[in-house]
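Me: Can you walk me through this one? I'd like to go place by place.
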Amino acid sequence: MTAGLEHYLTVSALLFGLGLYAVLTRRNAVALLMGVELILNAASLNFVAFARFVDGGVDGHIVAIFVIVLAAAEAAVALAIVLAMFRNFGTVNVDSVNRLKR
Amino acid sequence: MGGDLVFYGFALLTVLSGFFVVASRNIVHAAFSLLFTLFGVAGLYAQLGADFLAVTQTIVYIGGILVLVVFAVMMTRIPRADAPRRGLDRAVPAAILALLAFALIYMVIVGTRWPQRATGAPEATVAEIGTSLMTRFVFPFEYASLVLLAALVGAAILIRERAPQDDPADADDPAGNGEVRS
């Protein structure tokens, strides 16, 4: 069976499910971020697949490029927060950093 | 067909290594699995005729973001006793939720009649992407550069070491360096 739109969408849905599971279960902030990266990749894969099989232009590619740019910005800020968190609390466990709650 | 074999290879690489990213207890192993996931997605982009995007994914994600992640892993390494443990109490509901999300999306994928067009051989996209970025998408393009600048300056301020005491601005505003001190 030749690989069509549905195949790519299925791979993307699998990636999204894995990323969602990582975001829900991981307690290490860096691992949490990896789950977010998986979800972002799943979304861009959808955009590119639709650009190839439905739209035909490069608009989907451009959205995917913007996703990559924003992922880079997000990773830089999030990892800076993780380092600041580690310096101030001595842990990267997202469950134990809850001072605002108390 | 050879192309399909390549597709299934990259899809398998992506999903399997994505599974290891999620399942691995060792954060370093997860980071290196993420490398293969991102590479697999780059391969899928290439299969979809998105040549420029495949290269961008490889350079920015694997060469940039992943290195950043590995650095963060190295700098926040904690002794094993304090390693974050994953409780079964949240793994089971999370697995059910993730499976439900996947099932829902899969039902939509299979149940929808997508308006597909005939796909020919993929063409080079670099020129078209460049033209679009400079014409129709020029404002998002400029905003993206602003966002990147602001994010990187913010990140640098956030992880700056505490300023020396003789800095008058710092004495006036101890919280001005953006750090949260306990």
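Reply: One term to begin with: contact means heavy atoms within 4.5 Å. Also, this is a predicted model.

Me: OK. Using that, what does T10(A) touch, not counting residues up to four places away in sequence?
Reply: T10(A) touches F102(B), Y106(B) and I109(B).

Me: Where is the place of T10(A)?
Reply: T10(A) sits in helix α1 of chain A.

Me: Is T10(A) buried or exposed?
Reply: Buried. T10(A) has a relative accessible area of 18%, and the cut-off for buried is under 20%.

Me: Which backbone oxygen does the side chain of T10(A) reach?
Reply: That of E6(A), at 2.6 Å.

Me: How many salt bridges and polar contacts does the rule find across the interface?
Reply: One salt bridge across the interface of chain B and chain A. Nine residue pairs are in polar contact there, both residues at pLDDT 80 or more.

Me: Why does the pair of R136(B) and D59(A) join two chains?
Reply: Because R136(B) lies in the loop between α5 (126-134) and α6 (138-158) of chain B, while D59(A) lies in helix α3 of chain A.

Me: Are the two partners buried or exposed?
Reply: R136(B) is exposed, at 56% relative accessible area. D59(A) is partly exposed, at 26%.

Me: How many salt bridges are there over all chains?
Reply: Two over all chains. One of them pairs R27(A) with D95(A), with the closest N and O atoms 3.2 Å apart.

Me: Where do R27(A) and D95(A) lie?
Reply: In distant parts of the chain, 68 residues apart. R27(A) is in the loop between α1 (5-25) and α2 (29-55) of chain A. D95(A) is in the segment after α3 (59-89) of chain A.

Me: What about accessibility for R27(A) and D95(A)?
Reply: R27(A) counts as buried, with 18% relative accessibility. D95(A) has 35%, so D95(A) counts as partly exposed.

Me: Next, T91(A). Where does T91(A) lie?
Reply: T91(A) lies in the segment after α3 of chain A. T91(A) is buried, at 10% relative accessibility.

Me: Which backbone nitrogen lies 3.0 Å from a polar atom of the side chain of T91(A)?
Reply: The one of N93(A).

Me: What separates the C-alpha atoms of T91(A) and G35(A)?
Reply: 19 Å. The two residues are 56 residues apart along the chain.

Me: Over to S132(B). Which helix holds S132(B)?
Reply: S132(B) is in helix α5 of chain B. S132(B) counts as buried, with 9% relative accessibility.

Me: And what is S132(B) in contact with, leaving aside its neighbours within four places in sequence?
Reply: V58(A) and I62(A) from chain A, plus F137(B) and V138(B) from chain B.

Me: Last topic, chain B as a whole. How many helices and strands?
Reply: Seven helices and zero strands. Along the sequence, the pattern is α-α-α-α-α-α-α.

Me: What share of chain B counts as buried?
Reply: 31% of the 182 residues of chain B. Chain B exposes about 11,300 Å², and carbon and sulfur atoms supply 71% of that.

Me: Of the contacts in chain B between residues at least 6 apart, what share joins residues at least 24 apart?
Reply: 48% of them.

Key
Residues numbered from 1 in each chain as written. Chains lettered and ligands numbered in written order. Predicted model: local features only at pLDDT ≥ 70, side-chain atom pairs only at ≥ 80, totals over all residues. Heavy atoms only, no water. Salt bridge = Lys/Arg side-chain N within 4 Å of Asp/Glu carboxyl O. Helix = DSSP H or I, 4+ residues; strand = E, 2+ residues; numbered from the N terminus. Buried < 20%, exposed > 50% of the residue type's maximum accessible area, 1.4 Å probe, protein only. Polar contact = N/O pair within 3.5 Å; in protein donor to acceptor, adjacent residues only side chain to side chain. Areas by Shrake-Rupley, 256 points an atom, 1.4 Å probe, with all protein chains shown as cover.
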